[in-house]
Amino acid sequence: MRYLFFVLLTGLFVSYIPTTLSEDLKTGSTKPITEKLTEKKSASELLYDKMNLAAILKFEAFSQALEGYRLLHPKKDNILTVIDFTLPSTDKRMVVLDMKHEKVLFHTIVSHGKNSGEKFAKSFSNKHGSYQSSLGFYETQNTYQGGNGYSLVLNGLEKGINDQAKARAVVVHGADYCSESMIKATGRLGRSYGCPALPRAVTKPIINTIKGGTLLYIYAENKDYMAQTKVLSSVSKRGMLARSEDLKDTDKHLY
């Protein structure tokens, strides 16, 4: 009797085995029903996570800035600045990173050029009189006292994209129109003639932190820029960073 009961119970159990499991048993597969795949993160992703940047900076903006940082070998390599022009001017779009200690130093609002757009920067130019912002990589240089107060000279490193920055007097400076009060009054920041203008309160500390040969990258999801830039295209085409000895700089512009 007990034997008959055992046979019936076994038959009932086997009839409820999932089809996929039965097939696996037939073929000798030991694959688990649920399988978690873990992907190995890149060095850029690991650094991004370590610096806790997810809440303040898009990974793509950070990744592109980091590629340029590794390729261009800035004179002063402890600081990297990223401006994300995919964000509205009401958001904090500038991030200053301490690459040595792997931490965020500043996170602030920043203005774009008046002809680049209203709340969003959508159009970019390297031309004189355009009053538009220019994308790409810049080297920070010397400071001076000008019409906008304490200012920082920017040297555009990408020929045809931003290499007219110095001639156009595109510099980092403070401005009253770059303020939270302006956002409250108008729904956006005021705009510059193409300069990345900052709130007065943080202008001096930021300039003193990034001056003297650090790298600044202005990012946007812009197809024209990606089609023209040699800094980032060399990475995507070759799958590796270009060697520094390949860079020819005859006019203080790396490209």
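Is D49 buried, exposed or partly exposed? At 35% relative accessibility, D49 counts as partly exposed, where buried means under 20% relative accessible area, exposed over 50%, and partly exposed in between (1.4 Å probe, protein chains only).

## Ground rules

This is a predicted model, so to speak of local features we need pLDDT of at least 70, and side-chain atom pairs count only at pLDDT 80 or more, while totals for chains, interfaces and linings use all residues. Residues are numbered from 1 along each chain as its sequence is written, and side-chain values use heavy atoms, with hydrogens and water left out.

Helices (H or I, at least four residues) and strands (E, at least two) are DSSP runs, numbered from the N terminus. Two strands pair if DSSP finds at least two bridges between them.

## The sheet

Let's start with the strands. Eight of them make an open sheet with mixed pairing, in the order β3-β2-β1-β8-β4-β5-β6-β7. The edges belong to β3 and β7, each with a single partner strand, so one side of each has no neighbour in the sheet.

Strand β2 (residues 94-98) has β1 (residues 79-84) as an antiparallel partner, through five bridges, and V82 stands opposite V95. Five bridges also join β2 to β3 (residues 103-108), again antiparallel. Here V96 stands opposite F106, while H107 is the bridge partner of V95. The β2-β3 hairpin has four residues between the strands, and in it E102 takes a positive phi near 55°. As for cover, five of the five residues of β2 are buried: M94, V96 and D98 on one side, V95 and L97 on the other.

Further along, β4 (136-146) pairs with β8 (215-219) in the antiparallel sense over four bridges, with L216 as the bridge partner of Y138. Seven bridges join β4 to β5 (residues 149-156), also antiparallel. β4 and β5 form a hairpin with two residues between them, and G146 stands opposite G149.

## Helices against the sheet

Two helices lie across the strands. Helix α6 (residues 200-210) lies across β1, β2, β3, β4, β5, β6 (171-174), β7 and β8, at about 45° to β5. For these angles, axes are lines fitted to C-alpha atoms, for helices over the stretch in contact, and the angles run from 0 to 180 degrees between N-to-C directions.

Then there is α3, whose buried residues are S44, L47 and Y48. They cover an arc of only 105° around the axis, which puts them on the same side of α3; the arc is that of the directions from the helix axis to the C-beta atoms. An α-helix has 3.6 residues a turn, so residues three or four places apart point the same way. The buried residues of α3 pack against α4, contact meaning heavy atoms within 4.5 Å. Just after α3, N52 takes a positive phi of about 55°.

## The nonpolar core

The largest nonpolar core has 48 residues, and those with the most contacts inside it are F62, F85, M99, F137 and Y217. α4 gives the most to this core, with seven residues. A nonpolar core is a set of buried Ala, Val, Leu, Ile, Met, Phe, Trp, Tyr and Cys residues joined through side-chain atoms within 4.5 Å.

What is F62 in contact with, leaving aside its neighbours within four places in sequence? The list is S44, L47, Y48, M51, L53, L57 and L97.

## Salt bridges

A search of the whole structure finds six salt bridges, each a side-chain nitrogen of Lys or Arg within 4 Å of a carboxyl oxygen of Asp or Glu. In one of them K41 joins D49, with the closest N and O atoms 2.5 Å apart. K41 is partly exposed at 45% relative accessibility.

E221 and K58 form another, with the closest N and O atoms 3.8 Å apart. E221 lies in the loop between β8 and α7 (223-228) and K58 in the loop between α3 (43-50) and α4 (59-72), so the pair ties together parts that are 163 residues apart in sequence. E221 is exposed, with a relative accessible area of 57%, while K58 is partly exposed at 31%.

The side chains of R188 and E118 also meet in a salt bridge (3.1 Å, N to O). R188 lies in the loop between α5 (180-186) and β7 (197-198) and E118 in the loop between β3 and β4, so this pair ties together parts that are 70 residues apart in sequence. E118 is partly exposed at 47% relative accessibility, and E118, R188 and R191 are linked in a network of salt bridges.
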